[in-house]
Amino acid sequence: MTEPTPSPTDPDPATPGAAERGGRSIFLSYRRRDSQGATGRLYDGLVRRLGADAIFRDVATLIPGEVFDRAIQQALQSCVAQVVVIGPRWVESVRDFGARPGDGPVDYVRVEVATALQRDIADGRPTELDYWN
């Protein structure tokens, strides 16, 4: 009997699963209008390497009917790293929420980044992805 060939979406078997690390370890933060496609490709690559339980991406992780605010806060409080994806329309997207917190609708990305800074899990290492070129 031959071993099944792993699919490209199977996690690396040598990488410990999220359960061993205490939950989802990487939180992907992005603006849908700005970088949804790039974040999706990043998510796919991380899932191949670490497994789906290790990565939090709202549209891939949240369960229908789950309270969005609560689920986001729980994921932010339990992650060990946060990746903020900034694309070419970031500034334009930020303007949709008003110049200051409270000027417009809730800016979840602003909340996510502020939470990472408060938890001291943000180190500000910019990495350029050549997705847009």
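Tutor: What follows is a set of questions and answers on the labels used for this chain.

Student: What kind of model is this, and how many helices and strands does the chain have?

Tutor: This is a predicted model, and its secondary structure comes to 6 helices and 3 strands. Read from the N terminus, the elements follow the order α-β-α-β-α-α-β-α-α. Of the 133 residues in the chain, 31% count as buried, and among the contacts with a separation of 6 or more, 73% are made by residues 24 or more positions apart.

Student: Why is Phe-27 called buried?

Tutor: Phe-27, which lies in strand S1, has a relative accessible area of 1%, and because buried means under 20%, the label applies. Leaving aside neighbours within four places in sequence, Phe-27 is in contact with several residues, including Phe-56, Ile-72, Leu-76, Cys-79 and Glu-112. The C-alpha atoms of Phe-27 and Val-84 are separated by 8.4 Å, although these two residues are 57 residues apart along the chain.

Student: Why are the two glycines, Gly-40 and Gly-87, also called buried?

Tutor: Gly-40, placed in helix H2, has a relative accessible area of 2%, and Gly-87, found in the loop between strand S3 (81-85) and helix H5 (90-95), has one of 12%. Both values fall under the 20% cut-off, and therefore both residues are buried. Gly-40 and Arg-57 are 17 residues apart in sequence and 8.5 Å apart in space, C-alpha to C-alpha, whereas Gly-87 and Arg-33 are 54 residues apart in sequence with 9.3 Å between their C-alpha atoms.

Student: What makes up the largest nonpolar core?

Tutor: The largest nonpolar core has 8 residues in all, namely Ile-26, Leu-28, Tyr-43, Leu-46, Val-47, Leu-50, Ala-54 and Ile-55. Such a set counts as a core because its members are buried residues of nonpolar types, joined through side-chain atoms within 4.5 Å. Strand S1 (26-30) and helix H2 (32-50) each supply at least two residues of this core, and H2 gives the most, with 4 residues. One of the core residues, Tyr-43, is in contact with Leu-28, Ala-52, Ile-55, Arg-57 and Ala-60 when neighbours within four places in sequence are left aside. A second, separate core of 6 residues includes Phe-27, Phe-56, Ile-72 and Cys-79.

Student: How do you know that H4 is roughly parallel to H6?

Tutor: Two packed helices are described by the angle between their axes and the distance between the axes. The axes of helix H4 (residues 68-78) and helix H6 (residues 108-119) come within 10 Å and cross at roughly 30 degrees. Angles under 35 degrees count as roughly parallel, and therefore H4 is described as roughly parallel to H6. The crossing in which H4 passes H6 is right-handed.

Student: Which residues of H4 and H6 meet, and how do they divide into nonpolar, polar and charged?

Tutor: On the H4 side the residues are Phe-68, Asp-69, Ile-72, Gln-73, Leu-76, Gln-77 and Ser-78, and in H6 they meet Tyr-108, Val-111, Glu-112, Thr-115 and Arg-119. The residues of this contact divide into 5 nonpolar, 4 polar and 3 charged.

Terms used:
Residues numbered from 1 in each chain as written. Predicted model: local features only at pLDDT ≥ 70, side-chain atom pairs only at ≥ 80, totals over all residues. Heavy atoms only, no water. Axes fitted to C-alpha atoms, helices over the stretch in contact; angles between N-to-C directions. Parallel < 35°, antiparallel > 145°, perpendicular 65-115°, else oblique. Left-handed = near helix turned anticlockwise from the far one by under 90°. Contact = heavy atoms within 4.5 Å. Nonpolar A, V, L, I, M, F, W, Y, C, P; charged D, E, K, R; others polar. Buried < 20%, exposed > 50% of the residue type's maximum accessible area, 1.4 Å probe, protein only.
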